[in-house]
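Subject: Structure handover

Hi,

Have a look at it first, then read on.

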Amino acid sequence: DWIDNIWPTHLKAIGDYPRVQYYCLTSTAGCYTDFHVDFGGTSVWYHILSGSKVFLLVPPSKGNLQVYEDWLCSQNQSEVFYPDLPKVKGVYRVVLNRGQTLVIPTGYIHAVYTPEDSVVIGGNFLHGLGVEGQLDVHCLETRTRVPAKFRFPHFVRMMHYAGADYLKRIMKNEVCEAELNGIDQLADALQTWAVQPGGDADRVGSVAHTARECLQQCDCDDVTKMVNLMKKEKQQWCEKQKERSGRNLKLSLKLSLDTGDVTKSAASKGVMSLQKPKLSINLTKNKTLHSSEKEQFNDNVNGHGNNDTAINNDVEDDLDTPSDFKIVLPPNPSMSIPSATNNAASLNGITMKRRRTHHTDLNPYRGSNGNGGGEDDEWVPGGRKRKTTNGCQ
């Protein structure tokens with residue numbers, strides 16, 4: 001909420017601030033508020049203490065807002081139900097009961113019906129995730145000549161404080177990308193509202209005084225310099241973020257397994273073993289959008305545990321990114337262990353434990369009893385159960 005986070009505390013202390021954060025509504029059954037957009041494109045929180053409410057909400061797309069503006073200005077507005085207009089796209093019905101809370105996003109066109117006596121508390125707020133929508137609604141209110149008493153109080157002053165605040169936060173890298181989506185529109189609006197210094201600039205609470213106060217905070221001589229600096233800092237911030245995120249934009253991992261010689265183990269009748277399987281890992285990542293770097297790791301896997309750790313450490317050190325990936329080998333008929341008399345066996349140092357499975361299909365990736373059904377021995381490392389679906393583990 002910009003009132004809490006951006007509006008100067010010394011002005012709030014003397015009561016000079018938009019008082020729209022808290023209100024209480026009492027409504028009798030049958031009340032209806034026709035379609036409207038809350039002043040200044042504010043978002044709304046709405047909590048039912050008693051009773052219930054029915055909302056009809058329309059998303060603030062450019063098309064819906066244009067139809068809404070035409071409807072507001074039409075001579076027969078009271079005779080036309082806004083959602084019935086053919087170009088209105090998407091109408092949502094929300095029923096809110098006692099104890100429930102609804103947050104209406106920036107710019108949503110909505111109507112409210114009260115089916116029973118109700119008591120509601122709520123409030124309006126401007127914020128940095130809906131700057132463009134808030135400015136669009138402000139301009140719509142100006143074009144449709146909405147009286148000042150029905151508009152967000154001190155809206156233009158609030159936008160000046162927001163511009164100065166975001167300029168300082170961008171320079172300190174204290175913003176998120178979503179907050180910057182409306183910075184260009186905000187800068188253009190500040191340029192449009194720019195007024196020349198005069199007698200009004202000395203009056204506390206005037207737009208001119210607020211503009212001068214913000215320029216001093218940003219160490220700028222005029223609004224044009226401040227606006228250009230806002231756009232420049234935003235562009236530089238986005239370029240830095242793109243460069244940082246570009247390092248991990250694409251990460252491809254290619255695994256290949258050289259099974260080596262597959263021979264029958266003399267130690268255990270019918271148990272197949274792998275001799276020195278080789279695991280090859282090709283890891284590719286993009287440092288920028290225009291260049292890439294390949295890191296190749298080759299290691300002989302003769303055991304279970306330490307080699308995985310070593311590979312993970314190499315990845316983490318070389319790529320500067322956390323790495324927590326598992327290597328899953330595809331099922332292979334030559335790697336299966338169809339028969340054994342013990343509940344545990346050893347495959348190149350990896351402890352294999354037997355699990356009984358029952359199936360009704362003949363699948364080459366399972367045990368081979370040849371009858372298409374019955375119980376088979378499924379051998380898994382360390383005895384961990386792995387979900388088997390259509391032969392894929």
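Let me start with a pair of residues: Asp165 and Arg169 are both buried, where buried means under 20% relative accessible area, exposed means over 50%, and partly exposed is in between (1.4 Å probe, protein chains only). Before going further, please note that this is a predicted model, in which local features need pLDDT of at least 70 and side-chain atom pairs count only at pLDDT 80 or more, while totals for chains, interfaces and linings use all residues. Residues are numbered from 1 along each chain as its sequence is written, and side-chain values use heavy atoms, with hydrogens and water left out.

Back to that pair. The side chains of Asp165 and Arg169 form a salt bridge, at 3.4 Å from N to O; the term stands for a side-chain nitrogen of Lys or Arg within 4 Å of a carboxyl oxygen of Asp or Glu. Asp165 and Arg169 sit about one helical turn from each other, because they are 4 residues apart in helix α5 (residues 155-171). (Helices, H or I with at least four residues, and strands, E with at least two, are DSSP runs numbered from the N terminus.)

Arg169 has another partner too: its side chain meets that of Glu179 in a salt bridge of 3.1 Å, N to O. This pair links distant parts of the chain, with Arg169 in helix α5 and Glu179 in the loop between α5 and α6 (183-193), 10 residues apart. Glu179 is buried, at a relative accessible area of 12%. Through shared partners, the salt bridges join Asp165, Arg169 and Glu179 into one network.

How many salt bridges are there by this rule? The count comes to 8. Another one to look at is between Arg143 and Glu69, whose side chains meet at 2.9 Å, N to O. Arg143 belongs to helix α4 and Glu69 to helix α3, so this pair ties together parts that are 74 residues apart in sequence. Glu69 is buried as well, with a relative accessible area of 12%.

Now the overall picture. The protein has 9 helices and 14 strands. It has 393 residues, and 38% of them count as buried. Taking contacts (heavy atoms within 4.5 Å) with a separation of 6 or more, 71% are between residues 24 or more positions apart. The protein exposes about 23000 Å², and carbon and sulfur atoms supply 50% of that; accessible areas come from the Shrake-Rupley method with a 1.4 Å probe, and for residues only the protein chains shown count as cover.

Phe81 is in the loop between α3 (62-73) and β4 (92-97), and it counts as partly exposed at 35% relative accessibility.

His127 is worth a click. You will find it in the loop between β6 (109-125) and α4 (131-143), and it is buried, with a relative accessible area of 16%. A polar atom of the His127 side chain lies 3.1 Å from the backbone nitrogen of Leu129. Leaving out residues up to four places away in sequence, His127 touches Trp2, Ser43, Thr106 and Gln134.

What about disulfides, meaning pairs of cysteine sulfur atoms within 2.5 Å? A search of the whole structure finds 0. For Cys214, the closest cysteine sulfur is that of Cys218, 6.8 Å away, which is too far for a bond. For Cys220, the closest is also in Cys218, at 5.4 Å, again too far. Cys214 is buried at 0% relative accessible area, and Cys220 is buried at 8% relative accessibility.

Finally, a couple of backbone angles. Arg145, in the loop between α4 and α5, has a phi near 60 degrees, a positive value in a residue other than glycine. Arg145 is exposed, with a relative accessible area of 75%. Asn173 also has a positive phi, near 60 degrees; this residue lies in the loop between α5 and α6 and is partly exposed at 41%.

Cheers

Technical notes:
A polar contact is a pair of N or O atoms within 3.5 Å; within protein, one must be able to donate a hydrogen and the other to accept it, and residues adjacent in sequence count only if both atoms are side-chain atoms. A disulfide is a pair of cysteine sulfur atoms within 2.5 Å.
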